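Q: I would like a close look at one part of this model, and then at what else can be said about the chain.

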Amino acid sequence: MLRFDNVSKVYNEGFKAVDSVSFEIPEGEFLVLIGPSGSGKSTTMKMINQMIPHTSGTIWIDGKDITKLNAAELRRNIGYVIQQIGLFPHYTIEKNIAIVPELKGWDKEKIKARVSELLTLVGLEPEIYSSRFPKELSGGQQQRVGVARALASNPSVILMDEPFGALDPITREQLQGELISLQQKLKKTIVFVTHDMDEALKLGDRIAIMKDGKLLQLDTPEKLLHEP
Ligand code: ADP
Ligand code: ADP
């Protein structure tokens, strides 16, 4: 469960990028955050993992105020997938996925098994891809690795900030389909940012619309489509 209570972010110059936003995402819900550029979507996401601290209000994860969690707890609880995939080019695929499990001190065998399981889950054969380097994979395959890496520590919340934004339309559509089936299996709490309404309608259990730092509406795709 993820909850915002009157959360605001004021940047240094006194500019309110996020303005008194409140919402609650039940466990296992796929929430899409949509809005024009500059509406506060990325700031909202970055406050959830405290990459950016909020100025006021309270953010709760599983009943805990996130300012009471330390960096390691945040990393364990929250997986993050971004548009600029961000795989380390000089690490193999296996090593890229193993980063968080290694930080957690898992033993080698357990990590190897987990990496294989995750690669299989995102549709990449471990025997073929574990030992490759990122540049030897297509953009779509790299983004699958990005998803696998975010899942590695079994976080309760996964943040995806325009994860498919840099992909060609066909790969993008394929990964959207894969994410839907993955979510049916995993039932994670997901917050997914996009500025593409088609993508939002396709993926979201509910859609939150942001504008000028405010949450304008939060509803199911059906309600958004059928009510003016
Ligand atoms: P979105 O993700 O919807 O495009 P952002 O959250 O990135 O929106 O930005 C919201 C607003 O806050 C924008 O006007 C942006 O210029 C401003 N902003 C974002 N980050 C900073 C920052 N570090 N310092 C000052 N202003 C910022
Ligand atoms: P995103 O692609 O996630 O929306 P941006 O390109 O808006 O990110 O911003 C990239 C980085 O620059 C972020 O860390 C954001 O906080 C920061 N940033 C965005 N807008 C401003 C701003 N007006 N002043 C200072 N930093 C900003």
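Is Glu162 buried or exposed?

A: Glu162 is buried, because its relative accessibility is 16%. Buried stands for under 20% relative accessible area, exposed for over 50%, and partly exposed for what lies in between (1.4 Å probe, protein chains only). The model is predicted, so local features need pLDDT of at least 70 and side-chain atom pairs pLDDT 80 or more, while totals for chains, interfaces and linings use all residues. Residues are numbered from 1 along each chain as its sequence is written, chains are lettered from A and ligands numbered from 1 in the order written, and side-chain values use heavy atoms, leaving out hydrogens and water.

Glu162 sits in the loop between strand E7 (157-161) and helix H7 (169-186). Helices (H or I, at least four residues) and strands (E, at least two) are DSSP runs, numbered from the N terminus. Glu162 is not a glycine, yet its phi is positive, at about 45°. Most residues other than glycine have a negative phi.

Lys187 is another non-glycine residue with a positive phi, here about 50°. The loop that holds Lys187 runs between H7 and strand E8 (189-194). With a relative accessibility of 53%, Lys187 counts as exposed.

Next come the aromatic rings. The whole structure has four aromatic pairs. In one of them, Phe4 and Phe23 have ring centres 4.6 Å apart and planes at 15°, which means that the pair is stacked. Rings of Phe, Tyr and Trp (its six-membered ring) pair if their centres lie within 6.5 Å; planes under 30 degrees apart are stacked, over 60 edge-to-face, and the rest tilted. This pair links distant parts of the chain, 19 residues apart: Phe4 lies in strand E1 (residues 2-10) and Phe23 in strand E2 (residues 16-25). Phe4 is buried at 1% relative accessibility, and Phe23 is buried at 8%. Elsewhere, ring pairs join Phe30, Phe164 and Phe192 into a cluster.

The last stop is helix H3, where Ala98 is placed. Ala98 is buried, because its relative accessibility is 2%. Between Ala98 and Ile111 there are 13 residues of separation in sequence and 6.5 Å in space, C-alpha to C-alpha. Lys104 belongs to the loop between helix H3 (93-103) and helix H4 (108-121). Its relative accessible area is 32%, so Lys104 is partly exposed.
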